[in-house]
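Let's take a walk through this protein together. Have the sequence and the 3D view at hand, and we'll go from one spot to the next.

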Amino acid sequence: MRSPRMFPALAMAGVLAMTTLAACSSGDGNNDSASTSDGKVELRVVSLLPGSEPEAFAAFDARVAQFEEKYPNIKVTGEEYEWKATTFAAQLAGGTLPDVFEIPFTDGLTLIENGQLADLDTQFRALPYADDFNPNVIQAGTGPDGHVYAIPAKNVYGIGLHYNRQLFEQAGLDPDDPPTTWDEVRADAKKIADATGQAGYATMTQNGTGGWQLTVASYARGGRLEQANDDGTFTATLDNDGTKKALEYLKALRWEDNSMGANFLLDWSSINQAFAAGQIGMFTSGSDVYNAMVQTNAIDPDSYGLTVVPLEGADAGVLGGGTLAAVPAAADDATKDAAVKWIDFWYLSKYVDQDTALQDAQTMVDSDQPVGTPVLPIFSDEQQTTYLDWIADLVNVPLDQMTGFTEGIGGQKIIPEPSASTQELYAALEPALQAVLTDENADIDALLATANENVQAILDSNAS
């Protein structure tokens, strides 16, 4: 079967990239599950990012065929999907999402509290590994009643520093010795810019992704963007020293070193595209982003390098996040049963079952898709190690070019994203970030004070 091709929306936002255009959904208020003329349950699911390579769709279609052979009473239709903060709420309310859709960890609890996700607890508890999830991961989809409404599915990541090995070589740098401090990142970025004319360092700046990555830079310098209070309220702390240092650092790269190029309107997809095209020397993003650049941007594997984000100062850490699989609240039991079977098959069972792990990896290899990109464990560290041992002979990503990350991430403190009004917080940071990169005289203290006031007002409003 061929996955239907959908046109991507014009705006891009959010922590992870995922949205859909579709005609109807069980989220439209209809509690009757869709079925085919022969009585099969019809299940519409997320497939891949819009614009992915044909080989990626071939791998998806092969896995769908394997699923339908295992569950002959379920008919699966894949839909291209990119989550976007600017459009997701309207799509969910309008019932245009698939029966199985994806959301970032940060949105799970809010959607649960709003009653917008189906209660999957009965189906989830039937999974043989339901009790084996990393508790810090499963809580992202667990409601205050203790029920699971969204299941950790993929892209559980720590932020890494991605770098272009070919640009490093052109600048006389050793790609096997990536920078380990922010001072070294700055020095290397200037060398790349001077030698190649490309951006030595770049950052996302818009559609929510800029605020996300400024949070990354703040955490890396010991900053926090909000504080949870004992009474359940939150205090905005966007004007912390870590965020100030991060903006001062970017200001120096932009205006003193001229090492950030000329494009200051980048988001998740456009920075991936520019990096894969050899136009960016270094940037920060999720450790799993290599997969998307293979599937969508035809990156040359020889050009890719990955290392850890430099940390400096007390309480510094690296931002972690991930993706939840969810179902619209109005879905009936037949749809929920089929949905959790798909979530188990497509996302999770490979981590706990050797035969499934090998089948999934072999299918991906046969379609020239990446296998073995570094991620953080959904289950235990030990189970992740076991899974990697199972597929070791099939790993086809350049792990020897990622050792800076794989050998360093275990020693870094993982910090979750801000938990209250996350997307609003990210959006409020972006005017400050964009101003610093486009106005040499931007007043960082004033910009952050304004952003902090705006976010505090949102936090207070949501608490009332």
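Leaving aside its neighbours within four places in sequence, which residues is Arg125 in contact with? Keep in mind as you look that this is a predicted model. The partners of Arg125 are Ala130, Asp131, Gly146 and Val148. Arg125 itself sits in helix H4, which covers residues 121–125. Now pick out Ser285: 160 residues separate it from Arg125 along the chain, and their C-alpha atoms are 33 Å apart.

Next, let's head inside. The largest nonpolar core is made of 143 residues, and Phe101, Tyr201 and Trp342 are the ones with the most contacts inside it. As a general rule, nonpolar side chains in soluble globular proteins tend to be buried together.

Take Tyr201 from that trio. Its relative accessible area is 5%, so Tyr201 is buried. Not counting residues up to four places away in sequence, Tyr201 touches a whole list of others, among them Leu161, Val185, Leu250, Met260 and Phe283. Trp182 is on that list as well, and Trp182 is also buried, at 3% relative accessibility.

That brings us to the aromatic rings. The model has 21 aromatic pairs. One of them joins Trp182 and Tyr201 in an edge-to-face arrangement, with 6.5 Å from centre to centre and 85 degrees between the planes. Why does this pair tie together separate parts of the chain? Trp182 belongs to helix H7 (residues 182–196), whereas Tyr201 is in the loop between H7 and helix H8 (209–219), so the pair links parts 19 residues apart in sequence.

Together with Phe60, Phe67, Tyr71, Phe345, Trp346 and Tyr347, Trp342 forms one aromatic cluster.

Last stop: a pair of helices. The axes of H10 (residues 268–276) and H11 (residues 289–297) come within 10 Å and cross at roughly 75 degrees. The two helices are therefore roughly perpendicular to each other. On the H10 side, the residues involved are Trp268, Asn272, Gln273, Phe275 and Ala276, and they meet Val289, Ala292, Met293 and Asn297 in H11. Sort the residues of this contact by type and you get six nonpolar, three polar and no charged.

Technical notes
Residues are numbered from 1 along each chain as its sequence is written. This is a predicted model: local features need pLDDT of at least 70, side-chain atom pairs count only at pLDDT 80 or more; totals for chains, interfaces and linings use all residues. Side-chain values use heavy atoms; hydrogens and water are left out. Axes are lines fitted to C-alpha atoms, for helices over the stretch in contact, and angles run from 0 to 180 degrees between N-to-C directions. Helices (H or I, at least four residues) and strands (E, at least two) are DSSP runs, numbered from the N terminus. Angles under 35 degrees count as roughly parallel, over 145 as roughly antiparallel, 65 to 115 as roughly perpendicular and the rest as oblique. Contact means heavy atoms within 4.5 Å. Ala, Val, Leu, Ile, Met, Phe, Trp, Tyr, Cys and Pro count as nonpolar, Asp, Glu, Lys and Arg as charged, and the others, Gly among them, as polar. A nonpolar core is a set of buried Ala, Val, Leu, Ile, Met, Phe, Trp, Tyr and Cys residues joined through side-chain atoms within 4.5 Å. Buried means under 20% relative accessible area, exposed over 50%, partly exposed in between (1.4 Å probe, protein chains only). Rings of Phe, Tyr and Trp (its six-membered ring) pair if their centres lie within 6.5 Å; planes under 30 degrees apart count as stacked, over 60 as edge-to-face and the rest as tilted.
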